[in-house]
Amino acid sequence: MRRRAFLKTAVAGTAAAATAGHATALPQQTVPALVFDSTSALLDDSLTPGLADEHVAVWAHDSATTTDEDGNGDTVPYPDGRPPLVAVDGSVVGFGAPFATDEADFASGNDEFLLNVWDEHVGGGTVLWDESHGQYYALSKFSRFESYAESNGYTVDATTSLVDDLPSADAVVVTSPDAFSQSELDALRSFRDGGGAVFLHHQADYGGYDRTDALNEIAGALDLAFRFNDTEIVDDAHNAGAPYVVRTDQFNTAFPYFAPREGISSGPTYEVGERYTATVTAVADGDTVEVELDGGATETIRILGIDTPETAGNADAENPYEWEGLGDEPSGRDVDGDYPVLAEWGANASALAEDRLMGETVEFAFDPNEGIRGPYGRLLATVYYDADGSGDRDTNWSETVVETGHGRVYDSGYMGHDALVETELAARADGTGVWAQSDPDDSPTLANEPVDSLAFPNAVPLTATGGSVPDESVVVAAGSSASQPGAPLVAADAENRVALVASAFLADDYGFLDLADGGTSYGNYAFLTNLASALSERDGHLAIDGGHGQFDASYAVSAESAQTYQRYLEGVDRGIEGVNDFTSGVLDGASALLVTAPADDLADGELAALRSFQAGGGAVVFLGSAAAPGNATARQNSLATALDTDLAFTAGDVTDPDDNVRGNAAHPTTTVFPGDESLFTAYDGTATLTTTDSAESTTTRTTTDASGSTPGFGALTTAAGVLGGAAYAARNRLARD
């Protein structure tokens, strides 16, 4: 089915004179509005907002603005008009965003527009996709568009050697690259001068992954009229569900790029906030269904907020660390990939979906935090069904799955996350469904050893008022070969039950903390658990913040990316839960809260709830990262200040060329532990935190361990005075499974 074309009136300000070959404006029937997810914008060749209209193919709306997401101060604002999102100079086209990845919603006009651009400048033949400069956006992330282009006469090939492969190509795509060598720049210029087309894709400076300098070096070598801006464009008025997902129909139709054509998807356009009706035509498993909408369009829906176990046929994709108390081997990982309990309940979850959803009319809706589509083009939606035969489709399938013990909470940014956590906790307590065979107390203890060494990947320096952290507050310091010898890597304000850690060092992504095959040689887990226990005066689980952009931020950690730590905690009779909203009640059952760098601000009421948690004896541990953009670090510092501590993160990093993980200087290790010795033992709930005031006196508070044992289980010693310090002022969205 051909997607409906949208009729547009002429764009005000369209260039009266276009570049050569583009003198005649097209009829005003165009592709649908384009969507630029996490986009930058274009400047002129002097890095100012003066790019001439004759070089601009697409603008954002007037309501769009710039943000300096990486906090490096290089953003150029657009005070007098619409930011350009696509620029053209001869056979070179620059895009502000990757634009047509597999996660794109092709109900927009992105696919049609991009193929029109290729047709105008290439017209068929071989298009190389550069993968030789460390690009995240490799060809594999554009598989849907690759197939679309190849079905329209193109051959699309990845290359790891531009110099060798350019002579046999007709065009080349370069996405956010590391720097080109001079020989590569020369080869690219010769290719362009010989008639080859060059397509340059930038991205927002969110997370600092934009590679603006490298792209602008390419633009300079090609003597282009445009350059790329080190910024993120946001638009509160014209977007596809979030301000950073910019939607625009501001087209310069003097360019022949906008004619509607058969696109990748002919499905309907979806909007966050609307409900859609469909019939379930197939059940893949308990969390994925296929539906048919009125009119015949079909979609696959990955249901939000939940994860159901893998069935036996897909057991090799299972991670038992996700399922508390359900690992089938002592290590929690079955060497032959067979998890009978989980496989049984994976089949049960599929059967439940078959029974209650298959053939039924359901409604689905999108979450403002999750967008419209995920990997492989699947819709990301909440599904509502008629559970009681009343005709009202008002029962949330995700709630049903968790309540009946057929699945767990998937710790994402989903708005209903915290309510599902409460439901799962009740199901686990009652032994409902899969949890009937869960016995965390019987789980073997893994990697709970005395702490000999700690690893701090992407360590960010700590500071305090007056410029340095008081000696009595330093718990861990950098080694003598570090770039900042003796720099504090962990500091504690025991009086206010707050600590700062220089690294988000519990993340699964770091790999060297795996518990299997003998476990890790670093004591990060035992130390962090001791620290949180010593700071807290409450019973309960640990909580980890995932509701302020951490789930989608590569530099941050949410519960979904701390599953190895969850398995460690299980072995020492502790637990961890994700929390998205501090007012939801999840913190009520927590002893300590872990906060990695947040990409988003707190909502109304959350700060008051956090302060109440602290006042009630809860501890807050901030885990920083030198990879986090300045404004994310600033949010941590602002929260720390609001909790009455003077400790803060500052700019820069701490590296170590000699003592590090696997030869990576950006991942320093240390054995310098000036803090209380009990923090560096195997965790047993008795750790204390001792700091001394200027008169060398100490104050001791008695704590109760998180498992609720006898008072006096741990002693907490605090400084008599307030530590000095003021806050240092200042989002890669990960693919969902």
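# A walk through a predicted protein model

Now zoom out. The protein chain has 12 helices and 38 strands. Of its 737 residues, 59% are buried. Its accessible surface comes to about 26300 Å², and carbon and sulfur atoms account for 45% of that. As for salt bridges, the count comes to 18.

Next, find Arg-428 in helix α8 (residues 417-430). One of its partners is Glu-324, and the closest N and O atoms in that salt bridge are 2.7 Å apart. Glu-324 belongs to the loop between β20 (306-307) and α6 (340-356), so you are looking at a link between parts of the chain 104 residues apart. Arg-428 also meets the side chain of Glu-577 in a salt bridge, at 2.8 Å from N to O. Glu-577 lies in strand β31 (residues 576-579), so this pair ties together parts that are 149 residues apart in sequence. Elsewhere, salt bridges that share partners join Arg-189, Arg-192, Asp-193 and Asp-223 into one network.

The largest cavity holds about 170 Å³ of space. It is lined by 16 residues, and those nearest its centre are Glu-322, Asp-411, Glu-424, Gln-566 and Glu-577. Which elements give two or more residues to that lining? They are β24 (408-409), α8, α10 (563-571) and β31.

Time to follow a couple of helices. Helix α1 (residues 110-121) has 12 residues, which should span 16 Å at 1.5 Å a residue; its end C-alpha atoms are 17 Å apart, which agrees. With 10 of its 12 residues buried, α1 is largely enclosed by the rest of the structure. The buried ones include Phe-113, Leu-114, Leu-115, Val-117 and Trp-118, but also Asp-111 and Glu-112. After α1 comes Gly-123, whose phi is positive, near 80°.

Helix α12 (residues 630-642) has 13 residues and reaches 18 Å from its first C-alpha to its last, close to the 18 Å expected at 1.5 Å a residue. This helix is mostly covered, since 11 of its 13 residues are buried. Among them are Gly-630, Ala-632, Arg-635, Leu-639 and Ala-642. What do the buried residues of α12 pack against? Their neighbours are β32 (590-596), α11 (606-615), β33 (619-623) and β34 (648-649). Just after α12, Asp-644 takes a positive phi of about 75°.

Leu-47 has a phi near 60°, though it is a residue other than glycine. You'll find Leu-47 in the loop between β4 (42-44) and β5 (56-59), and at 43% relative accessibility it counts as partly exposed. Arg-497 is not a glycine either, and its phi is about 55°. This arginine is found in the loop between β28 (488-493) and β29 (498-501). Because buried means under 20% relative accessible area, Arg-497 counts as buried at 10%.

Our last stop is Phe-255, placed in the loop between β16 (250-251) and β17 (275-285). Phe-255 is buried, with a relative accessible area of 0%. Its C-alpha atom is separated by 9.0 Å from that of Val-56, a residue 199 residues apart from Phe-255 along the chain.

How values were computed
Residues numbered from 1 in each chain as written. Predicted model: local features only at pLDDT ≥ 70, side-chain atom pairs only at ≥ 80, totals over all residues. Heavy atoms only, no water. Helix = DSSP H or I, 4+ residues; strand = E, 2+ residues; numbered from the N terminus. Buried < 20%, exposed > 50% of the residue type's maximum accessible area, 1.4 Å probe, protein only. Areas by Shrake-Rupley, 256 points an atom, 1.4 Å probe, with all protein chains shown as cover. Salt bridge = Lys/Arg side-chain N within 4 Å of Asp/Glu carboxyl O. Expected span 1.5 Å × (residues − 1). Contact = heavy atoms within 4.5 Å. 1 Å grid on protein atoms, 1.4 Å probe; cavity = no way out; pocket = protein on both sides within 12 Å on 5 of 7 lines; lining within 4 Å. Points joined across faces, edges and corners; volume = space filled by probe spheres on them.
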